[in-house]
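The following exercises are to be worked with the sequence and the coordinates at hand. Each task is followed by a solution in steps.

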Amino acid sequence: MAEYTRLQNRLALIRLRNTPVNAISVAVLHGIKEGLQKAVTDRTVKAILIYGSNGKFCAGADIHGFSGPRTSSLTLGHVVDEIQRNEKPVMAVIEGVALGGGLELALGCHYRIACEALKLGILDEIVNSNSNLFEEAIKLAKRVSDQPLESRRLCKRSVQSLPDMDSIFSEALLNIRKQYPGYLSQEACVQAIQAAVKYPYEVGIKKEEELFMYLQKSGQARALQYAFLAERKATKWSHPSGASWKTASAQPISSAGVLGLRTMGRGIVVSLAKAKIPVIAVESDKKQLEAANKIITTLLEKEASKMQQGGHPWSGQKPRLTTSIKELGGVDLVIEAVFEEMNLKKQELLPEREATGDIAQFLICSVNQDNLARRQYRETYHIEPRNISQDEILERCLYSLINEAFCILGDGIAATPEHTDAIYLHGDVRPRPLRGWRPRSESGFSPKRSPFPDHPNPNTVRGHGSRGEGNLKALRPDTKEARCRIGRRLRRERGGAFAGPAPSRLQAATPPLPHQ
């Protein structure tokens, strides 16, 4: 996945080969490490080039490696550190993309050369598009092969620190929280940069690794990875019969039918009419048919008026509404939007569908098929739906929340009762290395200070006591009357509502970096 080649002019080449975009995988990392070791042991090699095949340097880490079990202790950070500390100059020959981990790999090299790149200060030479990038890289490597490397190592460079850096990062964090409320990675990036500014390279890179490991295990990362892979998998759809996106061809639609003219059906009819596709709409209920006719006519008249004002007269056909499903026999596509009632679909829709056998396509477009499936399951197995009383809802939901609220406050996870909502919704979202007890002076808890200072008897709720210790144990409601009494007190203290506005998940539950 990374090939080592000995070049002329006392140079060595490590070529990344992981099609299509040379993503960084464990095999690629091992190939780079082995290539570096060969170049170091070869006394005739004066400089090392890292180059990507197929016109692309590296598009970042292989996303498949995030979800699978770790099979090697070797990471990109270890390889980048080894490149920086290499005794021989290492040059990144950047062609095409250098994204994410690919950019990190390039920054770890002592020199960087690219073709028509933006001048961001991280490149040592920019080559004209008419020139051969690889040949220019060889010329640069020959010029710098005898130059000292100490000043070229990224880990040896100091970061300029301004007197108001704390306020700069505080403002940046506030802006990030406003622009991306609830997102983890954006704020973690600011925290990583903050650690790089305030600490030496070894400490800052350790903080970055902690944040990265937390993000990698987060639910947001899993969701984004799923969406990324699902979008690409959808384009590779195939059927056991051999049909796929590549072999299937689009069929022309000259007419369409819509079954059901309630809210969803009416919207579909209007959309098809705007696309200038002749529509036949079917509704068995005459009152619904008349109401739909008025609404559809009004919407299309408004659309025609807008088009005339823009100098484009309306040229579409008016939809034809009927009560007979048999009139759909000649259309190319039928979209079903019947009211969510299984008996209606079974008794009226499916037999009629079989009768109109010349319909080319029959598209099920109901938005609540899962609900229908559950109803059918209950009917099949004679399961009676159970009504849940209000008392049971309070017993199973509200009282348990009140119980947990005292545990959250007692353990110091939240500083005030208002912050418990964020903990309920998102849990303790701080990275594990960053979790722990807040200083009592910051959290508002102390053995003699209550989180409820306005309470008639503030000393009834105290301090950091662990679950089951101290007065907190006595406050855990064991009876319905006690829980109701505590619930009323919490509502009173929070302005009449148990669940008031909660801060964002990161504002309430993510603390600053450990060094702050």
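**Exercise 1. A loop residue**

In which loop is S255 found? Determine also whether S255 is buried or exposed, and list its contacts beyond the sequence neighbourhood.

Solution. The model is a predicted one. Step 1: S255 is located in the loop that joins α9 (219-234) to β7 (256-259). Step 2: the relative accessibility of S255 is 14%. Buried means under 20%, so S255 counts as buried at 14%. Step 3: once neighbours within four places in sequence are set aside, S255 is in contact with I277, P278, G330, V331, D332 and L333.

**Exercise 2. Overall composition**

State how many helices and strands the protein has, what percentage of its residues is buried, and what share of its contacts joins residues 24 or more positions apart.

Solution. Step 1: the protein contains 19 helices and eleven strands. Step 2: of its 516 residues, 39% are buried. Step 3: among contacts with a separation of 6 or more, 68% are between residues 24 or more positions apart.

**Exercise 3. The nonpolar cores**

Identify the largest nonpolar core, the elements that build it, and the surroundings of I50.

Solution. Step 1: the largest nonpolar core comprises 28 residues, and L16, I32, I50, F57 and I83 have the most contacts inside it. Step 2: two or more residues each are given to this core by β2 (11-16), α1 (26-41), β3 (47-52), α3 (76-84), β4 (90-94) and α4 (101-108). Step 3: α1 supplies the largest share, five residues. Step 4: not counting residues up to four places away in sequence, I50 touches I14, L16, F57, I83, V90, M91, A92, V93, L105 and C109. Step 5: a second, separate core has 19 residues, among them M91, V93, L133 and V144. As general background, nonpolar side chains in soluble globular proteins tend to be buried together.

**Exercise 4. Aromatic pairs**

How many aromatic pairs does the structure hold? Classify the pair of Y51 and F134 and the pair of Y180 and Y183.

Solution. Step 1: there are three aromatic pairs in the structure. Step 2: the rings of Y51 and F134 are 5.2 Å centre to centre, with 55° between the planes, and form a tilted pair. Step 3: this pair links distant parts of the chain, since Y51 belongs to strand β3 and F134 to helix α5 (residues 133-144), 83 residues apart. Both Y51 and F134 are buried. Step 4: the ring centres of Y180 and Y183 are 6.0 Å apart and the planes stand at 75°. Planes over 60 degrees apart count as edge-to-face, and the pair of Y180 and Y183 is therefore edge-to-face. Step 5: Y180 is partly exposed at a relative accessible area of 29%, and Y183 is partly exposed at 44%.

**Exercise 5. Packing of two helices**

Describe how helix α10 packs with helix α11.

Solution. Two packed helices are described by the angle between their axes and the distance between the axes. Step 1: α10 (residues 263-274) and α11 (residues 286-309) pack at an angle of about 40°, and their axes are 10 Å apart. Step 2: the crossing of α10 and α11 is right-handed. Step 3: from α10, R266, V269, V270, A273 and K274 meet Q288, A292, I295, I296, L299, L300 and E303 of α11. Step 4: by class, the contact of α10 with α11 consists of eight nonpolar, one polar and three charged residues.

**Exercise 6. Backbone exceptions**

Locate P20, N54 and K276, and describe the backbone geometry of each.

Solution. Most residues other than glycine have a negative phi, and most peptide bonds are trans. Step 1: P20 is in the loop between β2 and α1, and the peptide bond from T19 to P20 is cis, with omega near 5°. Step 2: N54, in the loop between β3 and α2 (64-67), is not a glycine but has a positive phi of about 60°. Step 3: K276 is in the loop between α10 and β8 (279-282), and its phi is positive, near 65°. K276 is partly exposed, with a relative accessible area of 46%.

Note on methods: Residues are numbered from 1 along each chain as its sequence is written. This is a predicted model: local features need pLDDT of at least 70, side-chain atom pairs count only at pLDDT 80 or more; totals for chains, interfaces and linings use all residues. Side-chain values use heavy atoms; hydrogens and water are left out. Axes are lines fitted to C-alpha atoms, for helices over the stretch in contact, and angles run from 0 to 180 degrees between N-to-C directions. Helices (H or I, at least four residues) and strands (E, at least two) are DSSP runs, numbered from the N terminus. A crossing is left-handed if the near helix is turned anticlockwise from the far one by less than a right angle, and right-handed if clockwise. Contact means heavy atoms within 4.5 Å. Ala, Val, Leu, Ile, Met, Phe, Trp, Tyr, Cys and Pro count as nonpolar, Asp, Glu, Lys and Arg as charged, and the others, Gly among them, as polar. A nonpolar core is a set of buried Ala, Val, Leu, Ile, Met, Phe, Trp, Tyr and Cys residues joined through side-chain atoms within 4.5 Å. Buried means under 20% relative accessible area, exposed over 50%, partly exposed in between (1.4 Å probe, protein chains only). Rings of Phe, Tyr and Trp (its six-membered ring) pair if their centres lie within 6.5 Å; planes under 30 degrees apart count as stacked, over 60 as edge-to-face and the rest as tilted.
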